[in-house]
Amino acid sequence: MAVDLLLGLQWGDEGKGKIVDVLTSKYDIIARFQGGPNAGHTLEFDGQKHVLHTIPSGIFHDNSVNLVGNGVVIDPVIFKKELDNLAKHNIDYRSKLLISRKAHLILPTHRLLDAASEASKGKAKIGSTLKGIGPTYMDKTGRNGLRVGDLELEDWKERYRALADKHEKMIAFYDVEIQYNLKELEKEFWTAVETLKELTFIDSEEYLHQAMKDGKSILAEGAQGSLLDIDFGTYPFVTSSNTTAAGACTGLGVAPREIGEAFGIFKAYTTRVGSGPFPTELFDEVGEKMGRIGNEFGATTGRKRRCGWLDLVALKYAVQVNGITQLIMMKGDVLSGFDTLKVCTAYKYKGEEITHLPYNIEPENLQPVYTEVKGWKEDLTKMTDAESLPKEFNDYVDFLEKELETPITIVSVGPDRKQTIKR
Ligand code: IMP
């Protein structure tokens with residue numbers, strides 16, 4: 001069977017965790033393919049809220065296997081905290097959680113390097129989550145990294161020491177004030193590594209290949225969003241992995257021809273956390289209201305997210321780069337109560353109107369051009385079927401669907417599993 005994809009189409013935080021959880025009953029295997037604990041996937045059901053960082057969002061369902069693929073970077077310390085939290089909720093994760101031997105490990109010194117690199121950038125900082133993501137992927141592409149499979153080697157500790165010592169020299173090179181006690185950090189790390197070693201490590205590309213042959217259904221769960229992609233995002237204000245569809249192929253060892261549906265998920269408006277350009281950002285009470293009602297605070301860092309109108313130019317770009325076949329619109333409920341809504345349908349770029357995402361979207365070159373549509377007053381959070389949705393809401397969705405030339409098949413009207421409407 002084909003591998004379906006679930007991808008965030010904006011700057012992350014679109015609500016992937018909730019939708020994977022909703023879709024999981026349809027799939028035998030849920031596989032994460034990139035990113036690491038910089039992600040925060042939030043799931044709400046039975047009156048409880050859960051946040052996952054590295055573990056796939058299918059873990060709360062009994063019948064699905066959850067795979068952490070080779071493209072993911074794992075911090076054993078954060079991973080252990082996630083496992084402890086699952087154990088607290090009586091989730092038997094051992095029987096349904098598999099880890100690729102080829103996934104790279106985030107060491108305590110990777111986190112310190114992240115902090116040193118950001119501190120050295122001053123005002124030009126990326127706004128990283130400081131989870132060591134960039135330095136770990138740098139070691140991966142620089143061919144210096146340590147992988148999960150290395151934990152099974154006799155000389156693992158020597159390999160660790162050699163890399164950590166090298167990192168310490170690099171931290172000193174940055175010449176910034178970073179306070180740390182590596183001994184303490186390592187104590188926590190070694191304990192967490194022992195917990196990680198109790199899990200099942202596999203050659204995951206082989207496992208997935210066999211699963212496909214056996215007719216198993218697979219959902220590849222993306223993290224972050226297309227505009228944070230290392231190649232296609234708003235570089236350098238991006239993360240260090242390919243968050244787009246191609247990342248699922250390299251991050252799981254799945255061939256392009258095996259990809260089936262590509263579900264693209266977006267919010268009815270736009271948010272961004274961290275630095276970098278954001279053409280439709282609002283600095284007024286409208287943006288403030290979106291942030292307040294939408295509870296726009298990072299699930300990983302608690303940082304306030306920047307809010308703005310929906311940017312259809314950027315969204316179209318993401319649909320194109322990913323080959324999206326179905327769209328899922330989140331947080332429609334947050335837009336209730338506005339008389340009119342604005343949607344960015346073009347940019348004024350160096351005096352000319354354009355409808356594509358140019359190389360440079362810095363505000364000095366580019367301003368959004370808006371189309372206004374009618375808003376709705378009704379509270380959507382109690383609505384359970386497409387028929388009860390207000391006309392203006394349906395008009396908004398129809399307008400987006402037409403512009404994006406892709407069907408919007410699910411709309412979400414609240415954080416709970418139940419607040420999900422199929423169209
Ligand atoms: P890093 O991946 O932690 O280095 O962060 C790089 C940029 O991506 C920063 O602007 C972060 O705020 C952003 N970022 C990383 N992961 C996420 C995410 O899961 N959601 C939203 N933004 C993220």
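## Two helix pairs

Helix 10 passes helix 11 in a right-handed crossing, where right-handed means that the near helix is turned clockwise from the far one by less than a right angle, and left-handed that it is turned anticlockwise. Angles under 35 degrees count as roughly parallel, over 145 as roughly antiparallel, 65 to 115 as roughly perpendicular and the rest as oblique.

Now for another pair. Helix 2 (residues 76–88) packs with helix 6 (residues 182–196) at an angle of about 60°, their axes being 8 Å apart. These two helices are therefore also oblique to each other, but the crossing of helix 2 and helix 6 is left-handed. Axes here are lines fitted to C-alpha atoms over the stretch in contact, and angles run from 0 to 180 degrees between N-to-C directions. Helices (H or I, at least four residues) and strands (E, at least two) are DSSP runs, numbered from the N terminus.

## About the model

This is a predicted model, in which local features need pLDDT of at least 70 and side-chain atom pairs count only at pLDDT 80 or more, while totals for chains, interfaces and linings use all residues. Residues are numbered from 1 along each chain as its sequence is written, and side-chain values use heavy atoms, with hydrogens and water left out.

## Around the ligand

Let's turn to the ligand. Around it are 15 residues, of which Asn38, Thr129, Thr239, Val273 and Arg303 come nearest; a residue counts as near if one of its heavy atoms lies within 4 Å. By class, this shell has 6 nonpolar, 7 polar and 2 charged residues (Ala, Val, Leu, Ile, Met, Phe, Trp, Tyr, Cys and Pro are nonpolar, Asp, Glu, Lys and Arg charged, and the others, Gly among them, polar).

An N or O atom in the side chain of Asp13 is 3.0 Å from a nitrogen atom of the ligand. A polar side-chain atom of Ser128 lies 3.1 Å from a ligand oxygen atom, and a polar backbone atom of Gly127 is 3.3 Å from an oxygen atom of the ligand. The protein buries 96% of the 470 Å² that the ligand exposes when taken alone, with accessible areas from the Shrake-Rupley method and a 1.4 Å probe.

## Two loop details

The peptide bond from Tyr235 to Pro236 is cis, with omega near 5°. Pro236 sits in the loop between strand 10 (218–221) and helix 8 (245–252).

Asp46 has a positive phi, near 50°, in a residue other than glycine. Its loop runs between strand 3 (41–45) and strand 4 (48–52).

Definitions and conventions
Polar contact = N/O pair within 3.5 Å; in protein donor to acceptor, adjacent residues only side chain to side chain.
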